[in-house]
Amino acid sequence: MSVAAVTEYRGTPKDTQDQFHGAQLTYIGWIDHLMFCAPFAFPLPPDMPFGAIVEAVLPGAVGTHPDFASIDWSSVEWTKNGEPFTPDLSASLADNGMRHKDSLTFRTPGLTGVKGSST
Amino acid sequence: MTTTAAPKKLGLKERYALMTRGLDWQTTYQPMEKVFPYATYEGIKVHDWNAWEDPFRLTMDAYWKYQAEKEQKLYAIMDAFAQNNGHLGLTDARYINSLKLFLTGVSPLEYMAHRGFAHVGRSLPGVGARVACQMQSLDELRHVQTQIHSMSNYNKLYDGFHAWRHMHDRVWYLSVPKSFFDDAITAGPFEFMIAIGFSFEYVLTNLLFVPFISGAAYNGDMGAMAFGFSAQSDESRHMTLGLEAIKFMLEQDPDNLPIVQHWIDKWFWRGYRVLTLVAMMLDFMLPKKVMSWKEAWEIYAEENGGALFNDLARYGVRPPLGWQQACDDKVHLSSQAWSTFYQYQAAAPFHTWVPSPEDMDWMAQKYPGTFDQYYRPRFEHWAEREAAGDRYNNGTLPMLCQVCQIPMLFTEPGDPTRICYRDSVYDGERYHFCSDGCKNIFDHEPEKYVQAWLPVHQIYQGNCFRPEADPTAADFNPLLEVITWYQMNVGVDNAPYEGSEDQRHFRAWRQMTTSNA
Amino acid sequence: MSNVFIAFQTNEASRGIVDAIVEDNPTASINEQPAMVRVDVPGSMTIKRETVEEKLGRSFDLQELHVHLITLSGHIDESDDEFTLSWN
């Protein structure tokens, strides 16, 4: 559908990758851990190894959760834009097929938040 | 027998007809379509503007008379409240935070409504509709003025009120109400009437003004009670205008129905998302609570909105898409919203707190089956962390919905343990949404919503720093810089309630009212 | 049948108005909340000028309702003598 307008109506997207100074946006949500009210948005370099998400990015965002120390990263289940996804931790985001504004979730089997409440 | 009787006084209907009809004329220097250039492009067909009926039949002279009377009453109350240090009669200074939210989030919308109805009044070729829009435009200007006047008394004494206008255009959660109204005012005049006149005023505004303002009175705030109910006395007329507008469009031409129905679907959902803020005001921010969000929703949406849509069914209108989801989510909305503001305390100019054990029991009683199961563990965990001197602050920016601009905090219909994710790819770019409602709105007019000014993305692009900031400096703290750019007093306006200046002052001043120490 | 309703600020004038509504609409139910009073009636409700005047002991223009009103629902029909709310 198009916008009803008196002349031709075109919008300019405000969030294209070229406006992020070399970074691409990646969204990450931790399933069953809604103490973090919403998924996070991170501007990340496309050539960053995926493993840095686990080692450098997530600890700063969710590291104080009581479940964090118990995560077995080898059993974590990832999705990308809603589809199951198996990242290569040593390859870059770009080589993992990650594009600007892709949305990741990860599930940590056995860990379901404070008192199992998905908090 | 004399035949000269005193001239009969005109009845209300005759007076109204004389004051609202025949005031316009067919233009001759310019064609009518050039004088009213926005009257047809939305596709709404109107055959007879004289069929417009304003049921209140208020003429301009009566309008001025009654509005003046309302103003006199309102300002007398506000002056008396201020003169008598009425703020010290509040139940608790936590209450004042709901006013901060109101002033930064709602009052600027009143001004936009003033502009919107002025524009629509100018654009509609029917004189009855124009008079009603003119009155509403004046009302809305009155509302924003009285709100500023009322809350300026608090600005003298409490934190977080000083830069409301500046903040409205910048602060992350204020982009929610701001973008809502920007969306409405950039639509055509008929869509605006459905967006604001019908969907917001008739279906949703009671939820904003009635329980919350009754709650203001319950918590001892005569000032807010006065402006709130004075504004609401105009809303009855606005609701009537909105209802008349939709009936008029539907009666004028059967082709108008699908256009109007889409607008109802869109604007119900847009407005409902904005009301997320109201849900947490009722359930978490009022120290003495009048009713839960769930109860307010049941009375003002399910019961009254239900009656309205039953009535409109004769035109072929059905309740808006998303209605059932909104009804189902009434048991989750306020807790999910308050959790969000609690963890992003550092970026909001009002105070938050963990609900007390008694308040959690109140929530458990109002929300049996959901509060204890999903939300009490969260708040108790945070209370334990606070007690250990480790209050939880979320220092990472959230993913936002492209349409409502709220962090993606809403859960999947039927599963409050899963965040609801929706997305669309348009013109090679991926866009994310919090709900089917927001995705539908985007998919219908993607060219409009690709332009959204999403606060999180703007921060990451470096567009939310003061001109003198130096992002290359070694000690540059981007989030601190953003808060400074917001004009918040860092560590004061955005501090937790416990230990805040507001809390200390209120306690000390109250002490002074009851002792000579 | 859906309810129509009307709500007023609690004050001396609205006390008389509500008394008049209750007298003229026997199925009315009253709900008092902080600083406001709400009256619900199934189907339709009529406010009669004459009854309000009797309760207030003075003359009353029905448009004075605007000063005390908080909210209402239903289709409005207004004349000099009666103010009616109804659902079809």
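Modeller: Let's start where two chains meet: 39 residues of chain A are in contact with 44 residues of chain B. This is a predicted model, where local features need pLDDT of at least 70, side-chain atom pairs count only at pLDDT 80 or more, and totals for chains, interfaces and linings use all residues. Residues are numbered from 1 along each chain as its sequence is written, while chains are lettered from A and ligands numbered from 1 in the order in which they are written.

Colleague: What makes two residues "in contact"?

Modeller: Their C-beta atoms, placed from the backbone, have to lie within 7 Å. On the chain A side that touches chain B, β2(A) gives the largest share, three residues. That side divides into 19 nonpolar, 14 polar and six charged residues. Here Ala, Val, Leu, Ile, Met, Phe, Trp, Tyr, Cys and Pro count as nonpolar, Asp, Glu, Lys and Arg as charged, and the others, Gly among them, as polar.

Colleague: Why is α3(B) called roughly parallel to α6(B)?

Modeller: Their axes cross at roughly 10 degrees and come within 11 Å. Axes are lines fitted to C-alpha atoms, for helices over the stretch in contact, and angles run from 0 to 180 degrees between N-to-C directions. Angles under 35 degrees count as roughly parallel, over 145 as roughly antiparallel, 65 to 115 as roughly perpendicular and the rest as oblique. So α3(B) is roughly parallel to α6(B). Among the residues that meet are Y63(B) and L74(B) in α3(B), with M135(B) and H149(B) in α6(B).

Colleague: How do you know what span to expect for α5(B)?

Modeller: Take 1.5 Å times one less than the number of residues. With 17 residues, α5(B) is expected to span 24 Å, and its 25 Å from first C-alpha to last is close to that. Its buried residues (20 or more other C-beta atoms within 10 Å of their own; exposed is 12 or fewer, partly exposed in between) include L109(B), F117(B) and V120(B). Their cover includes α4, α6, α7, α8 and α9 of chain B.

Colleague: What makes β4(C) and β7(C) a pair?

Modeller: Strands pair if DSSP finds at least two bridges between them. β4(C) and β7(C) have five, in the antiparallel sense, and one of the bridges joins M45(C) to L85(C).

Colleague: Why do β4(C) and β6(C) stand at the edges?

Modeller: The open sheet runs β4-β7-β6 in chain C. β4(C) and β6(C) each have a single partner strand, so one side of each is left without a neighbour in the sheet.

Notes. Helices (H or I, at least four residues) and strands (E, at least two) are DSSP runs, numbered from the N terminus.
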